[in-house]
Amino acid sequence: MVLSFLALAVGCSRLKLRQEQHETVYVWTRQMYLRDRVAAVSNRVGEVTNGEPLEVLERGRRFYRVKTPKNEVGWIPDRAVIDSKAYDAFVQLANQHKNDLVVATGTLRDDIYLHVSPGRETDRFYLLAGNLKVQMLVRASVVKAAAPSAVSVVPRENLDTKMSATPVSVERNPADKSTANVAKPPQPESEPPVLEDWWLIRDNQGRAGWVLGSRVDVDVPDDVAQYAEGQRIIGAYVLAKVHDDEANTADHEVAEYVTALAPPKAGLPFDFDQIRVFTWSVKKHRYETAFRIHPIQGFLPVRVTTEQGANGTEPVFSFLVSSSPDLAIEPGTGIARPVAPRTIHYAMRDTSVRRIGPDMAPIPTMHEPGEKGEKAKAAKAKKHR
């Protein structure tokens with residue numbers, strides 16, 4: 001009798017535990033009101049914000065009845081939340097990259113959602129505020145999502161002009177001896193896909209996710225950014241500091257930088273194609289270029305350390321280059337990495353930059369595209385003839 005009572009009690013406790021275990025969903029919209037019922041006319045019973053966990057009490061058609069951490073109960077549209085599986089993917093992404101090296105720091109242009117992977121149609125969750133400082137970890141390029149097709153409407157008064165401006169090819173049908181011609185519309189040429197850059201970033205709370213590259217500005221001092229010459233500075237790293245009594249800084253100490261620059265377009269198969277070192281002229285009180293190498297196929301990160309030189313410690317910077325045009329594209333993200341990477345080292349003494357390290361082989365340069373490159377190729381062939 002006692003054993004039967006205990007078994008019944010254990011069974012009831014297990015059933016109660018199963019009944020109390022509810023699914024958890026998370027709010028991804030900026031904010032949303034809870035309603036007391038699903039109807040055209042309803043009352044607000046609570047407000048939830050981005051990132052807030054909600055306990056699901058009941059499932060309806062396109063709505064959940066949920067309870068907030070404040071014990072507010074109401075209905076919310078299912079499109080306003082993500083499930084635990086999507087939430088766990090963001091947690092896993094943050095844990096996977098929590099110790100990643102920061103390749104640059106940036107500032108968000110405006111409020112933006114973090115995506116779980118590169119792409120406009122991927123799951124998004126955390127909403128970060130504009131002007132927030134973030135850590136940039138890695139860049140990826142993916143195909144831009146196609147915009148919905150639109151029907152082009154031609155005004156009636158321009159219809160004849162529009163039609164006559166469209167070239168057609170006329171072909172005679174060999175089986176038909178008459179003078180009838182068959183008109184073929186022009187075949188559209190296949191255009192390469194449009195790529196866009198995405199950055200994996202990390203905020204001050206350790207949350208990680210992907211954002212569109214055009215929505216984050218790399219932090220570069222204005223005095224250095226003015227020398228970009230139409231290129232994008234994707235990283236500026238302090239090499240050393242010099243004292244200038246006439247400098248506008250608070251302590252009259254001015255930083256000298258090594259920078260990585262890239263052409264102003266997305267989808268490049270490398271992170272940068274130029275390394276440039278800016279030193280400070282104490283006599284002229286301005287930045288000057290002490291070193292430049294271009295064009296190369298370079299990859300982040302750019303590392304800055306110090307080493308013991310002949311006259312004491314010297315700043316040293318290093319970066320990766322590809323020794324072959326082959327790249328490894330990570331599936332699912334579009335991150336490009338060199339198949340055969342090489343690490344190149346340089347040291348700076350005063351305003352002089354010199355190559356050091358075990359790898360002293362020549363750095364391969366990329367062929368210059370366009371008319372200039374074609375002229376150079378033609379001149380070289382003529383010289384050999």
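**Exercise 1.** Determine whether Trp 280 and Tyr 287 are buried or exposed, and classify their ring pair.

*Solution.* Trp 280 is buried, as is Tyr 287; buried means under 20% relative accessible area, exposed over 50%, and partly exposed in between (1.4 Å probe, protein chains only). The model is predicted: local features need pLDDT of at least 70, side-chain atom pairs count only at pLDDT 80 or more, and totals for chains, interfaces and linings use all residues. Residues are numbered from 1 along each chain as its sequence is written, and side-chain values use heavy atoms, with hydrogens and water left out.

Rings of Phe, Tyr and Trp (its six-membered ring) pair if their centres lie within 6.5 Å; planes under 30 degrees apart count as stacked, over 60 as edge-to-face and the rest as tilted. By this rule there are 15 aromatic pairs. For Trp 280 and Tyr 287, the centres are 4.9 Å apart and the planes stand at 80°, an edge-to-face pair.

**Exercise 2.** Classify the pair formed by Phe 125 and Tyr 126, and identify the aromatic cluster that includes them.

*Solution.* The ring centres of Phe 125 and Tyr 126 lie 4.3 Å apart with planes at 40°, so the pair is tilted. Both Phe 125 and Tyr 126 are buried. Together with Tyr 26, Tyr 87 and Phe 90, Phe 125 and Tyr 126 form one aromatic cluster.

**Exercise 3.** State which residues of H2 are buried and which exposed residues lie on the face turned away from them.

*Solution.* The buried residues of H2 are Ala 86, Phe 90, Leu 93 and Ala 94. The face turned away from the buried side of H2 carries the exposed Lys 85, Gln 92 and Gln 96. Helices (H or I, at least four residues) and strands (E, at least two) are DSSP runs, numbered from the N terminus.
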